[in-house]
Amino acid sequence: MNDAFTIEQKSDHIIGRFAAMASPCELLIETKDPLLANHLTSLAYKESQRIEQKFSRYLPNNLMANINHRMGKAVAIDDETFRLLEFANTCFELSDGMFDITSGVLRKAWKFDGSDNLPTPDAVKVLMPHIGWRKVKYTQSSITLAKGMELDFGGIGKEYAVDCVAKLCAESASTTSIVVNFGGDIQVTRARHNSQPWHIGIENPEDDNSTTKVLKIVSGGLATSGDARRYLLKDGKHYSHILNPETGYPTETAARSVTVAAPHCIQAGLLATMALLKGPNAEVFLEQQDVKFWCYR
Amino acid sequence: MQLISKNSLTNKVRKTANVNAALAAATCALLGTSAVVQADEGLWEMDAALLYYGETERVTAVEGVFSAKKDFGDEHIFSTKITADSLTGASASGAVAQPNAQTYTRPSGKGQYVVAAGEVPLDDTFHDTRVQLEAQWTQPLWNDMRGSTGVHLSKEYDYLSIAVNGSLAKDFNQKNTTVSAGLSLAYDTIDPEGGRPVAFSEMVIDEGQFANEEAYQAAFDATRQTDTDDKTTVDLMFGVTQIINRRILMQFNYGLSMSDGYHTDPFKVLSVVNDQGLTQSLVHEDRPTERTRHNFYWQTKYALDSGVADISYRYATDDWDINSHTIDSRFRFNLSDNTYIQPHFRYYQQSAADFYQPFLLEDSSLPTFASADYRLGEMTAYTIGLKYGMTMPSGNEWAFRVEYYQQDPKNAGFDAPGALQQLDLYPSVKAVIAQVSYSF
């Protein structure tokens, strides 16, 4: 056994738990075999560690630090990074530029701590030249960022990790139904043997008291974007933490949180994020996508 | 949330052409997985097909099929099918050709038809309309088990068939092996126009020997039983499907079919010939009331990089002594992402039923059972065909199929007396099949 994760036997499944990406992570495994559960949880833990080490922007000496602080010089990238960049590019195009992984620098001006501390217009304005996905040059083997620009995979990293872990688990135990749940971003590898839904407790975003509501999921992915606790409130006006990369200011009348169900967690996550960026049109947008969703305002 | 089949998936994605579809594709590229789409409920998958079957100088059939299938979630699948056939034309009566013209009474007793000298006697009043309805429900049960149950109804002018079926399938060995068992019960009733002929009764032909219409009718009626008759059939099926590897799938089935009741074809007759081969009379056929069939089936599907090869072999044997071998092969070649061609070849061979006789001899005693139906005789048959399919930008698919079928009856060792030696007793049946189908 490893201290990094724990295993808990339930009546008809085993739960593996660990922490990664600033979230509680769990695997619900439809098995009675503790060795299988241990193996899968270990696999999941290692994979999420790998992804966090590689793509977190909070770590000093990883790939992201290298890309973000090269100041105009090309940095070699591997195939996985290229595929993530391609995915981010597709998301940028599909959202008409609203989903932009270079917009993370705005965090230097905006601190969504529930206070009334709005940044000064100048503080935002000075960051704007450093935003713009179209300015990023990348090929299959390298990427070049202008000085002052930064990439932030925060908007897709956790969902990506969930999907990667689910894929590894499915390859390792193809006949076992496994729920990968990283802080509410969820992927089910396959339906349970009796085709009953999994019951998963997730935090209620409408409630600060951390009550959980129980969600039923049979297969596919589920992801939530938005955080009801991250906002600013000044003169009775609510500022959401969803920032528009074109203005540098919060999206007006954005939903507090959006949860979407889709075949893959990362797909659900992007739909949820794009819906938030649509402001008042989130529900209309999601209706058009023909997906199951829950919008909290 | 559940997966729906790839077919309806493409429909859905293409029709909405939305962000979600593009995102799904991007996700698959990112994760290196295959595309699956969730939907709250599956869509109806529908197929419509129109088939033409034309035998040279014989039967022409037009058949329309409409089928629909829906996944109500978690593999709870309902499927239904409606088939309507219309048959017209002539079919072999069982009588032999003669050096002179022959006059026959129609099976209904109303009217006559004449077959020219040297011609194969065909009953040209053959026409019928058949409607079939099927419904099937399949769902998972427990422990990797699936259950399926269905009903089947088929109605012709003089024939009604009702069947129910049920089957269970269980997966083993990480779903690489599936074992299944099924049972089907069918009940058929027949009430032919003009009644069922009495076994071996002589065909009444009005050649002026009757004093009046009533006398003819009385003689005709004496050869007929007016009540309906029926047949019950029990089918048992056991199957094993095995995934051999990523590319090969194999299936073995064993089927046992037991039927009890009226098997005779009320429209078929036998010629009674003298030692010169000349027809003296025509008698109605009679078949055993029981039949037990066994069939063994093996199928292999092989996935190529650009297509699928599908080869099967069936051996069937029954207590009527009809033993048959069928080899069927289809090769699907993908011409592009959206189009394919599929050549088809089928070869069939059967031995004759023990009571099959091309004719009866005047001086011999009557057998217990006899039929001159060419379908119970020794024969070989082959089909060659080609299918072309194309997927439209909407995701719907068109398919076109053209096939040629030839059936060559053989002499199963009967010596033809006199005049019959100069006549074709085993004429080939040649047919063209054309089909258009649309899946949406």
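What percentage of the 297 residues in chain A is made up of buried residues? Buried residues account for 45% of them; a residue counts as buried if 20 or more other C-beta atoms lie within 10 Å of its own, as exposed if 12 or fewer do, and as partly exposed in between, with C-beta atoms placed from the backbone.

The structure is a predicted model, in which local features need pLDDT of at least 70, side-chain atom pairs count only at pLDDT 80 or more, and totals for chains, interfaces and linings use all residues. Residues are numbered from 1 along each chain as its sequence is written, while chains are lettered from A and ligands numbered from 1 in the order in which they are written.

## The two chains

The table sets out the two chains. Helices (H or I, at least four residues) and strands (E, at least two) are DSSP runs, numbered from the N terminus. Two residues are in contact if their C-beta atoms, placed from the backbone, lie within 7 Å.

| Property | Chain A | Chain B |
|---|---|---|
| Secondary structure | seven helices, 15 strands | three helices, 27 strands |
| Buried residues | 45% of 297 residues | 20% of 440 residues |

## Confidence

The predictor assigns the complex an ipTM of 0.87 and a pTM of 0.58. Its confidence in each residue is the pLDDT, from 0 to 100. Chain B has an average pLDDT of 88, and 94% of its residues score at least 70. Among the elements of chain B, the lowest mean pLDDT, 32, belongs to β1(B), and the highest, 96, to strand β23 (residues 339-350). Over residues 1-17 of chain B the pLDDT stays under 50, and the model has 43 contacts beyond four places in sequence for this stretch. Residues 35-41 of chain B also have a pLDDT below 50; the model gives them 23 contacts beyond near neighbours in sequence.

Strands of a sheet pair through backbone hydrogen bonds, either parallel or antiparallel. Two strands are said to pair here if DSSP finds at least two bridges between them. In chain A, three strands form an open sheet in the order β4-β6-β5, with antiparallel pairing. Strands β4 (74-76) and β5 (137-138) of chain A stand at the edges with a single partner strand each, so one side of each is left without a neighbour in the sheet. Two bridges join β5(A) to β6 (residues 142-144) of chain A in the antiparallel sense. The bridge partner of A:K137 is A:T144 in β6(A).

Helix α7 (residues 282-289) of chain A has A:A282, A:F285 and A:L286 as its buried residues. Seen down the axis of α7(A), these buried residues fall within an arc of 95°, so they line one face of the helix; the arc is that of the directions from the helix axis to the C-beta atoms. They pack against β14 (257-262), α6 (265-277) and β15 (292-296) of chain A. On the other side of α7(A), A:V284 and A:E287 are exposed. After the helix comes A:D290, which has a positive phi near 60°.

Which residues cover the two faces of strand β18(B)? B:V269, B:S271 and B:V273 lie on one side, B:L270 and B:V272 on the other, and all are buried. Since five of the five residues of β18 (residues 269-273) of chain B are buried, the strand is largely enclosed by the rest of the structure.

Strand β18(B) pairs with β19 (residues 279-284) of chain B in the antiparallel sense over five bridges, and B:V269 has B:H284 as its bridge partner in β19(B). These two strands form a hairpin with five residues between them, and B:G277 in the turn has a positive phi of about 80°. With β24 (residues 360-361) of chain B, β18(B) pairs in the parallel sense over two bridges; B:V272 stands opposite B:L360 in β24(B).

B:D337 is placed in the loop between β22 (323-334) and β23 of chain B. This residue counts as exposed because it has 7 C-beta neighbours inside 10 Å. The C-alpha atoms of B:D337 and B:T391 are separated by 8.4 Å, although the two residues are 54 residues apart along the chain.

Terms used:
pLDDT = per-residue confidence, 0-100.
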